[in-house]
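User: Please take me through this model by question and answer. Keep it brisk.

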Amino acid sequence: MMKTISLINQKGGVGKTTTTAHIGYALATFHGARVLLLDYDAQSNLSMLFGIESSPAIAEALKTGELAVHEVRPNLWLLPSTTEFVQLEQWLYQNPFALRDALRGLREQFDYILIDCPPSTNIVPETALLASSDVCIITNGEPYSLQGFATIMQFVTRIQERQTELSISGIILTRYDKRKAMCREVEVVLRERYPDVYFNAPIREIQAVVDALASGMTVFEYKRTSLAVSDFRKITELFHERFSLIPA
Ligand SMILES: Nc1ncnc2c1ncn2[C@@H]1O[C@H](COP(=O)(O)OP(=O)(O)O)[C@@H](O)[C@H]1O
Ligand SMILES: [Mg+2]
């Protein structure tokens, strides 16, 4: 079983990178899965979190087909990004299946490849989806987050015409604050409208997560007693359960 899962949302700041890092860490640490985190965003936040901002990065990897992965924690590897990735956009138009082809050789080595996508619906996430078996939408509970869903769904549907294996397999609500009416509303809508894909375990907005990232750690390493630890463990259990059941 090997799953390549793109974590997407065309908006920035919703929690994609943080959620990708923590689910990846928890899959590797608590479920014994071999996980590759792929930083597919020129902002390189995921690479920064794990302190890897050097080349060779994803841009070179796509062109040469040689993927230099860094082991960042036991069972957890990272394929970093750099700001130069931005310059690759034109090239990706000509080579939309470059990522898919580059990842092909890694199938045996990992149980999960998690692709942290940039906040857009341009060619970059398009090539991520062309290389993926599954998509997870990460959202927060802000106003307009649900309106943005129509755009994401259209985007995925368009790519499914070329990548028929691709399915929307999860919706994750994060940065959840139950004191905010909007968050509560979004939670109810997701649960009722997408009962089969919504992971019924919102990740709360917790300061320790921000502090952990500022210290270059996951919250698992920074503060084991944080409520965020139980939230990320719960979502990872559901995530792993779901993807273990779907045949590769
Ligand atoms: N569960 C959480 N609790 C508190 N802050 C969070 C949580 N998840 C993400 N954040 C913070 O929100 C900001 C945006 O998160 P990030 O993962 O970088 O979003 P994206 O990748 O979608 O742009 C960051 O400052 C991050 O520390
Ligand atoms: Mg990000």
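Analyst: S6 and S7 pair in the parallel sense over six bridges; strands are DSSP runs of E, at least two residues, numbered from the N terminus, as helices are runs of H or I, at least four. Two strands pair if DSSP finds at least two bridges between them. The model is predicted: local features need pLDDT of at least 70, side-chain atom pairs count only at pLDDT 80 or more, and totals for chains, interfaces and linings use all residues. Residues are numbered from 1 along each chain as its sequence is written, with chains lettered from A and ligands numbered from 1 in the order written.

User: Which residue of S7 is the bridge partner of Cys-136?

Analyst: S7 spans 167–173 and is an edge strand. Its bridge partner for Cys-136 is Gly-170.

User: In what order do the seven strands of the open sheet run?

Analyst: The pairing is mixed. S1 and S6 pair in the parallel sense over four bridges. S2 and S4 also pair in the parallel sense, over four bridges. The order is S3-S4-S2-S5-S1-S6-S7.

User: At about what angle does helix H6 run to S1?

Analyst: Helix H6 (residues 123–130) lies across S1, S5 and S6. Axes are lines fitted to C-alpha atoms, for helices over the stretch in contact, and angles run from 0 to 180 degrees between N-to-C directions. Contact requires C-beta atoms, placed from the backbone, within 7 Å. The angle to S1 is about 155°.

User: Is Leu-213 buried, partly exposed or exposed?

Analyst: Leu-213 lies in helix H9. Not counting residues up to four places away in sequence, Leu-213 touches Thr-18 and Leu-49. Because Leu-213 has 19 C-beta neighbours inside 10 Å, it counts as partly exposed.

User: Which helices each supply at least two residues of the shell around ligand 1?

Analyst: The shell holds 18 residues, with Gly-15, Lys-16, Thr-17, Thr-18 and Val-209 closest; a residue is near if its C-beta atom, placed from the backbone, lies within 6 Å of the molecule. The helices supplying at least two each are H1 (16–30) and H9 (207–214).

Notes: Contact = placed C-beta atoms within 7 Å. Buried ≥ 20, exposed ≤ 12 C-beta atoms within 10 Å, placed from the backbone.
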